Amino acid sequence: MKFTDSHCHLDFSELAPQVELIQGCAEQSIHQIIVPSITPDNWDKVLQLPALYNENKANQKLASCKIFSCLGIHPWFLQNLNQASLDNLADKVKNHKEDIIAIGETGIDEVIVKEQANLAQQIDFFEFQLNLAKAHNLPVIVHHRRSHQHIVPILKKANLNRGGIIHAFSGSYQQACQYIDLGFKLGIGGTISYPRAEKTIKAIKRLPLTSLVLETDAPAMPLFGFQGQHNSPLQLLKVFEHLCSIRPEAPIEVSQVIEENINQLFFNG
């Protein structure tokens, strides 16, 4: 079995030393790591990761775990950003179209709205990045938190070519179906390890396996029992085990279908 971590902030300092971590992932059959960016400040660092590791012929373990970059602006980090920031993102995407596989991480976070009162700005940045994804025929990685009521209508209006991933999905079966109908996969991570996430667990039990992908969101979003510790892409196998425990399919089928989902979304567009 092979595995892809569809959402890992590998550029964050909490995940250093990266060489040892990536070698460990290769040993655990985690053969792909997708790295979203979150602010203009980390675009270049995220773009540099594949070149540092993917062609490392001197270390076969490093070379056997491929890193893939995404470019975007996360809704938590919009302070002091403006239209010029979006224009810079558009230029960066244009100049690095061959170096990225998605736009993201972008989205809307209703919780942070209460702290910053910036819903209008979040919507503007989200819509711009969706349009950018459509213009370049790329999928998009969507952050949500208590914001389904905003995100679904905007995604319907955007009518993307290739859909994307609803990162760290937490919601009902009905909400999940809305995203699936719009061509999106659902990112399944540490949330399903928490007993209190009963609504989301029930939804994931019922959903087609073809709608799911695995993620860790490392170094954030630890699994239940690991609170207070930095998450790691090495935890992806524990996420997989939790998913298998609530699905009727055999683990080998779960693994194969989820890898097919990743290929269909990112590499066969």
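Leaving aside residues up to four places away in sequence, Ile154 touches Ile108, Ile123, Phe126, Glu127 and Leu130. The model examined here is a predicted one, and in it Ile154 lies in helix 7, where the residue is buried, with a relative accessible area of 10%. Although Ile154 and Ile123 stand 31 residues apart in sequence, their C-alpha atoms are 8.5 Å apart in space.

Helix 6, formed by residues 119-135, and helix 7, formed by residues 148-158, have axes that come within 10 Å and cross at roughly 35°, and the crossing is right-handed. On the side of helix 6 the contact is made by Leu119, Ile123, Phe126, Glu127, Leu130 and Lys134, while helix 7 contributes His150, Ile151, Ile154, Leu155, Lys157 and Ala158. Sorted by class, the residues of this contact comprise 8 nonpolar, 1 polar and 3 charged.

The cysteines were considered separately. A disulfide is a covalent bond between the sulfur atoms of two cysteines, and with a cut-off of 2.5 Å between the sulfur atoms the count in this model comes to 0 disulfides. For Cys70, the closest cysteine sulfur is that of Cys8, and because the distance between the two sulfur atoms is 11 Å, they are too far apart for a bond. Cys70 is buried, with a relative accessible area of 0%, whereas Cys177 is partly exposed, with a relative accessible area of 22%.

Terms used. Residues are numbered from 1 along each chain as its sequence is written. This is a predicted model: local features need pLDDT of at least 70, side-chain atom pairs count only at pLDDT 80 or more; totals for chains, interfaces and linings use all residues. Side-chain values use heavy atoms; hydrogens and water are left out. Axes are lines fitted to C-alpha atoms, for helices over the stretch in contact, and angles run from 0 to 180 degrees between N-to-C directions. Helices (H or I, at least four residues) and strands (E, at least two) are DSSP runs, numbered from the N terminus. A crossing is left-handed if the near helix is turned anticlockwise from the far one by less than a right angle, and right-handed if clockwise. Contact means heavy atoms within 4.5 Å. Ala, Val, Leu, Ile, Met, Phe, Trp, Tyr, Cys and Pro count as nonpolar, Asp, Glu, Lys and Arg as charged, and the others, Gly among them, as polar. Buried means under 20% relative accessible area, exposed over 50%, partly exposed in between (1.4 Å probe, protein chains only).
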